[in-house]
Amino acid sequence: MGTVITAVALTAWFIVSAVGQLTVPRRLLDRLRAWDIFGIVPNYRFFAPRPVQHDYHLLMRTAGSSGEFGPWHQVAGPPDRCWWHIAWNPDRRAFKGLSDVMSVAHRFDVQRPRAVQVSLPYLAILNYVTAVASRDPAAREVQFVLAISHGVLSDESPDVIFKSGRHRLGESR
């Protein structure tokens with residue numbers, strides 16, 4: 001009998017914990033939390049008090065010796081999701097670092113382009129894009145764009161929030 005009671009209690013705890021992580025109406029979540037006097041229902045969003053509202057995308061294009069830019073290519077964006085990402089997603093950390101930089105860059109003051117170009121987020125993104133562009137031996141210049149989308153379930157196309165100027169790649173190539 002004790003095994004059955006323990007199994008029922010653990011199953012109920014699991015269900016309440018899972019519901020606590022979902023996007024449910026705020027009143028329902030508040031009711032669940034009111035009964036949790038011992039704080040045993042976890043909230044895994046403790047590092048993000050405001051949930052993410054959109055995804056960041058980093059696109060770049062390169063120009064060769066003619067000075068003509070090619071098409072835009074996404075070099076960073078939300079990774080495709082697979083079922084095993086519930087437990088194992090090692091690529092998430094790499095994108096999270098770049099996503100954090102892009103979220104700070106989202107607040108660029110485009111009215112002050114010189115200040116933007118010497119900011120740490122801009123330089124970090126430029127460093128990343130330059131490293132990717134340097135793999136192409138014909139590339140002489142690079143340009144990047146930051147865009148946001150409203151999640152994987154949205155039908156809206158991404159919105160461009162910032163477009164960089166042209167940047168020459170190193171002469172040592």
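**The salt bridge and its setting**

Guide: R166 has a relative accessible area of 44%, and is therefore partly exposed (buried means under 20% relative accessible area, exposed over 50%, and partly exposed in between, with a 1.4 Å probe and protein chains only). The model is predicted, so local features require pLDDT of at least 70 and side-chain atom pairs count only at pLDDT 80 or more, whereas totals for chains, interfaces and linings use all residues. Residues are numbered from 1 along each chain as its sequence is written, and side-chain values use heavy atoms, with hydrogens and water left out.

The partner of R166 is E141: their side chains meet in a salt bridge with an N to O distance of 2.9 Å (the rule asks for a side-chain nitrogen of Lys or Arg within 4 Å of a carboxyl oxygen of Asp or Glu). The pair ties together parts that are 25 residues apart in sequence, because E141 lies in strand β3 (residues 141-149), while R166 sits in the loop between β4 (159-163) and β5 (167-168). By the stated rule, the count comes to one salt bridge.

The chain contains five helices and five strands, taken as DSSP runs (H or I, at least four residues, for helices; E, at least two, for strands) and numbered from the N terminus. Read from that terminus, the order of elements is α-α-β-β-α-α-α-β-β-β. Of the 173 residues in the chain, 28% are buried. Among the contacts (heavy atoms within 4.5 Å) with a separation of 6 or more, residues 24 or more positions apart account for 56%.

Individual residues illustrate such separations. H57, found in strand β1, is buried, with a relative accessible area of 10%. The C-alpha atoms of H57 and A147 are 5.1 Å apart in space, although these residues are 90 apart in sequence.

W72 provides another case, in the loop between β1 and β2 (73-76). W72 counts as partly exposed at 31% relative accessibility. Apart from neighbours within four places in sequence, W72 is in contact with L59, M60, R61, Q143, F144, V145 and K163. Between W72 and F144 the C-alpha distance is 8.4 Å, and their sequence separation is 72 residues.

The helical part may be represented by α5. Helix α5 covers residues 120-133, has 14 residues and reaches 20 Å from its first C-alpha to its last. Its buried residues are P121, Y122, I125, L126, V129, V132 and A133. They cover an arc of only 125 degrees around the axis, which puts them on the same side of α5; the arc is that of the directions from the helix axis to the C-beta atoms. On the face of α5 turned away from this buried side are the exposed residues L120 and N127. L123, also placed in helix α5, is partly exposed at a relative accessible area of 39%. Leaving out residues up to four places away in sequence, L123 touches Q117 and V118.

Finally, the surface may be considered. F38, in the loop between α2 (26-35) and β1 (55-63), counts as exposed at 72% relative accessibility. The chain as a whole exposes about 12800 Å², of which carbon and sulfur atoms supply 61%, the areas coming from the Shrake-Rupley method with a 1.4 Å probe.

Definitions and conventions
Expected span 1.5 Å × (residues − 1).
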